Amino acid sequence: MPEPQTGAGPADGNTPGAEPDRDPAAADEPTSPPVPSDQPEPSAQPTAADQPEPSGQPESTATADVPAPRWSGSAPVPPPSPRRPAWGESAEPTPPQAVPVGPPEHQTPVDPWAGVDTGGWDLPSAELPPLPPTMPYPSPPSTRQWSGPPAPPVGPHPLPPQAAPVPPQTARPTMPSRPMSPPAPPPTPARPPKQRRGRRSDPPPPAPPPDWQAPKGYVPVPVRRRRRWPWLLLLTLACCCGCPAYYGFPISAQYPARAALPVQIEDLSLRQDSRSAETAKQLENEVRQEHWLAEDTFAGVYSTNSGKRVTVFGGTGFRLSPESDAEAEISRLTDRYALNAPETVDTGVRGRHERCAVGRADGSDVVVCTSVDHGSIATGVFTRLSVGDSATLLNTLRAQIVQPERG
């Protein structure tokens, strides 16, 4: 370092040789101490350019007298390491406290369009066609009054302490919007199917959700529905087979049949004289004429040793309604024997009907009985017997004369 020359003043205006010795501790401090408050501003002090320079001294001599600082700079300081959180302290940074903002009515309004040229907003608009008339909105359906508990009172909800009030939105120019079309009427709900009384239909099982998946290893087992076909089959068999069997069994047991007159029936003997044979022939022809669908006819006169006389005649063949045929036979013989009102006699055989009536023949009282079933008809005229005895004797004669072929 060059030595200071004599006669050269320092740059800061101090006289040479008057600089005191600096303290070693003060050497570490900056070379330019702060300007005290009572000193004038640097702008008010005279600069080196305003001071007169001594004649004959160069500029380099003045600058060379300023001592150089002992430290030209400092080492870079590393940033501080992050502080570890204390016990029980949250690792997340604490949000800064929100600055309370006053109500918007006390704030100064801000014009968002300040300084913007809005002179070009008035633009000519094209003429638009008139809008079609809109349909009126349908009236809302009537609703039932709510019968539940009253709703809690609605009051102002306090804002959370961290939530700041939203600043007022600036008004924007609104464009005219087209009117919306009226909403479509709600679809009519489908009417549930009518259910028959006395039958409950099981509701369908609930469907699984759309995203439901069966667990691994799950095997669906079909639900076995209750079978109703055995009951239906039994009912069908009862209707299809029971009814025909009920009505068809008497027919199959009574038709077809054959007739033959035995010579002796208990105490009755068949009379074979000419007069009895002529009477039997005449009665057989009448049966053939009245029952033209008869397959076989028979007639005979029986008598006992005590003088009782029994005349029997009839025929075989299929008959669909034996009851009406029995009434028709009694009506046919009413005029000949002057019969009274007929009486119904219970035979005890299903499909066989018998009628008896009291009359007169050859000046004496007689009982006329007729018995008809699905395969034959037999009529008897009895003398000196009651109605009950005549009906019993006719059943005995019928069992010996008429024989079913399937029996």
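**Before you start**

This is a predicted model, in which local features need pLDDT of at least 70 and side-chain atom pairs count only at pLDDT 80 or more, while totals for chains, interfaces and linings use all residues. Residues are numbered from 1 along each chain as its sequence is written, and side-chain values use heavy atoms, leaving out hydrogens and water.

**Stop 1: the sheet**

Colour by secondary structure. Helices (H or I, at least four residues) and strands (E, at least two) are DSSP runs, numbered from the N terminus. Look for an open sheet of 8 strands. Its order is β2-β3-β4-β5-β9-β8-β7-β6, and the pairing is antiparallel. Two strands pair if DSSP finds at least two bridges between them.

Which strands sit at the edges? Select 264–265 for β2 and 343–345 for β6. Each of these edge strands pairs on one side only.

Now select 296–303 and 309–316. These are β4 and β5, antiparallel strands joined by 8 bridges. For one example, pick D296: its bridge partner in β5 is T316.

**Stop 2: helices on the sheet**

Contact here means heavy atoms within 4.5 Å. Axes are lines fitted to C-alpha atoms, for helices over the stretch in contact, and angles run from 0 to 180 degrees between N-to-C directions.

Next, select 387–401. Helix α6 lies across β2, β3, β4, β5, β6, β7, β8 and β9. Against β9 (376–383), α6 runs at about 135°.

**Stop 3: salt bridges**

Show side chains. How many salt bridges does the structure hold? There are 9. A salt bridge is a side-chain nitrogen of Lys or Arg within 4 Å of a carboxyl oxygen of Asp or Glu.

Pick R355 and E323. They form a salt bridge, and their closest N and O atoms are 3.5 Å apart. The pair links distant parts of the chain: R355 is in strand β7, E323 is in helix α5 (residues 322–337), and 32 residues separate them. Is R355 buried or exposed? R355 counts as buried, at 7% relative accessibility. E323 is partly exposed at 40%. Buried means under 20% relative accessible area, exposed over 50%, and partly exposed in between (1.4 Å probe, protein chains only).

Stay in α5 and pick E329 and R332. Their side chains meet in a salt bridge of 2.7 Å, N to O. Both lie in helix α5, 3 residues apart, about one turn of the helix. E329 is buried, with a relative accessible area of 4%. R332 counts as partly exposed at 22%.

Then select D373 and R352. The closest N and O atoms of this salt bridge are 3.9 Å apart. D373 lies in the loop between β8 and β9 and R352 in the loop between β6 and β7, so the pair ties together parts 21 residues apart in sequence. D373 is buried, at 4% relative accessible area. R352 counts as partly exposed, at 22%.

Finally, highlight E323, E327 and R355 together. Salt bridges that share partners join them into one network.

**Stop 4: an aromatic pair**

Rings of Phe, Tyr and Trp (its six-membered ring) pair if their centres lie within 6.5 Å; planes under 30 degrees apart count as stacked, over 60 as edge-to-face and the rest as tilted. The count comes to 1 aromatic pair. Select Y255 and F318. Their ring centres are 5.5 Å apart and their planes are at 70°, so the pair is edge-to-face. Y255 lies in the loop between α3 and β1 and F318 in the loop between β5 and α5, so the pair ties together parts 63 residues apart in sequence. Y255 is partly exposed at 24% relative accessible area, and F318 is partly exposed at 40%.

**Stop 5: the backbone**

Most residues other than glycine have a negative phi, and most peptide bonds are trans. Here are some exceptions.

- Y255 to P256: this peptide bond is cis, with omega near -5°. P256 is in the loop between α3 and β1.
- A338: phi is positive, about 50°, although A338 is not a glycine. Find A338 in the loop between α5 and β6.
- R384: phi is positive, about 55°, and R384 is not a glycine. R384 sits in the loop between β9 and α6, and is exposed, with a relative accessible area of 55%.
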